Amino acid sequence: MKFVIENLSKNSGRLGYLVQQDTGKQFKTPLLLQTTKGGSIPYLSREVFDHVSKDCHVLQMSLATMDHMKEALTLFKGGLSGFVGFKDYPTVLTIRDPCETMPNGSNDKDIVPLFTRRGKETISPEKYIELVETFKPDIYQGLNDADTNFDSAKKRIQKSVDRTEIFMRFCYEQHSKSEILKKSCLFVPIAGGYNTFNRSQSIKDARANGGDLCGGYIFEGFHNYGLSASEVTSEQLLPIMAHCLKELLADSKPIMLPGAYTPLLVLELIKMGVDMFDSSYAYCAAVNFKALSFSWEEKEFNVNDTPFIDITDDCLREDFTPLLKDCLCLACQKHNRAYIHHLYKTSELLGPILLMIHNLHHLMQFFKKIHESIAADSLDNLIQLIKYQGGDKVVEYRITANTKVISKAGLGKGFVESKS
Ligand SMILES: [Zn+2]
């Protein structure tokens, strides 16, 4: 993948595109990667996803949901995207699944834990490179220890940086040796939690040893994924990212922050120059029964306008309007709030399917608006609109677990009725 910056503005971030080398296909940045689980868009079949978007998208795939496919992929000759039914869609391979919360701990000097549906697995650097060589993604991230968050102790953060350096030394060596890996673009991890000293150390190492092998940067270690990413606040994240970006933007390489960051934080990061995000926010909202309804239109807001519609709310029982008036997604065109509320009440699988269709459509439209705003150098207006939604208080976009109905065992598994 090649990265081209088209437009750089002091107040609105940067516009650019990624080019897939083999096909010449271009993908506008800031880019919304389509998060997959086991290679599929969560809850949606390939055919249904076509109704959400006819465009070709860049797919974000995680080893945590796909490592068991290694053997089948070895035998399959049609490439990773072909294997999952999205032929020629570019792929970004990450280690962790941004949709699910990752437990702390389990890191060791020589291995990285992988939290899969079958339980905890471990990957050594050797095994990791073998997996990447089998998957042959367009972009892959370097192996790293990302087990830090806002509460991490200094010692843990230092360890994550030191271990990442050791893992990356192996990755650089293998990447420069392997004919297969050379065809993939390596995103170098920047570790260091919320500590400016540690992030700088990690950047220094990436620069000194990554050199030409580095095709982009990926930032983890700010949260433990799942809903915890939506809890990260601007006050926490923006100062440390400003510090890192001051050093990195001059490199003109794409910068990616995986995780379900709120729409407001995404905008603020884009303004600073971050280029790539994933769609796990749409998933995290859908499995917690929320339909995204924040607005980017200059309009008269009223008291009923909220950033989410809570599908579990009993007042929707006889509400025969679509999730969102004027939304052109399949769910809003064909169904109404009362029906989706009924699907939730009866634990029907169609419930999360319709919510995913709507939420993904909503996020994709949001990114279109972001591109227009950067081109017009008016990202600040959009940030104000998203931040206040016509009111005088900052809107809360954090997704909270819907404990009304989800039992602990059912968390993250969709529409599961609580037994308690
Ligand atoms: Zn809709």
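User: What makes H358 count as buried?

Analyst: H358 has a relative accessible area of 0%, and buried means under 20%, with exposed over 50% and partly exposed in between (1.4 Å probe, protein chains only); H358 is therefore buried. This is a predicted model, in which local features need pLDDT of at least 70 and side-chain atom pairs pLDDT 80 or more, while totals for chains, interfaces and linings use all residues. Residues are numbered from 1 along each chain as its sequence is written, and side-chain values use heavy atoms, without hydrogens and water.

User: How do you know which atoms coordinate the zinc ion?

Analyst: Donors are N, O and S atoms within 2.8 Å of the metal (3.2 Å for Na, K and Ca); water is not among the atoms, so sites may look incomplete. The SG atoms of C327, C329 and C332 and the ND1 atom of H358 lie at 2.1 to 2.3 Å from the zinc ion, so these atoms count as donors. Along the chain, the donors are spaced C-x1-C-x2-C-x25-H. C327 sits in the loop between β15 (308-310) and α13 (330-334) and H358 in helix α15 (residues 350-375), so this pair ties together parts 31 residues apart in sequence. C327 is buried as well, at 9% relative accessible area.

User: Why is the site of the zinc ion called tetrahedral?

Analyst: Four donors count as tetrahedral if all angles lie between 85 and 135 degrees. The 4 donor atoms here give angles of 101 to 115°, so the site is tetrahedral.

User: What makes K37 and E100 a salt bridge?

Analyst: The term requires a side-chain nitrogen of Lys or Arg within 4 Å of a carboxyl oxygen of Asp or Glu. For K37 and E100 the N to O distance is 2.7 Å, so the pair qualifies. K37 lies in the loop between β4 (31-35) and α1 (46-52), and E100 in the loop between β6 (91-94) and β7 (112-116), so parts 63 residues apart in sequence are tied together. K37, at 22% relative accessibility, is partly exposed, as is E100 at 27%. Together with D97, K37 and E100 are linked in a network of salt bridges. The structure holds 21 salt bridges.

Notes:
Four donors count as tetrahedral if all angles lie between 85 and 135 degrees; four count as square planar and six as octahedral if opposite donors are over 155 degrees apart and all others between 65 and 115; anything else is irregular. Helices (H or I, at least four residues) and strands (E, at least two) are DSSP runs, numbered from the N terminus.
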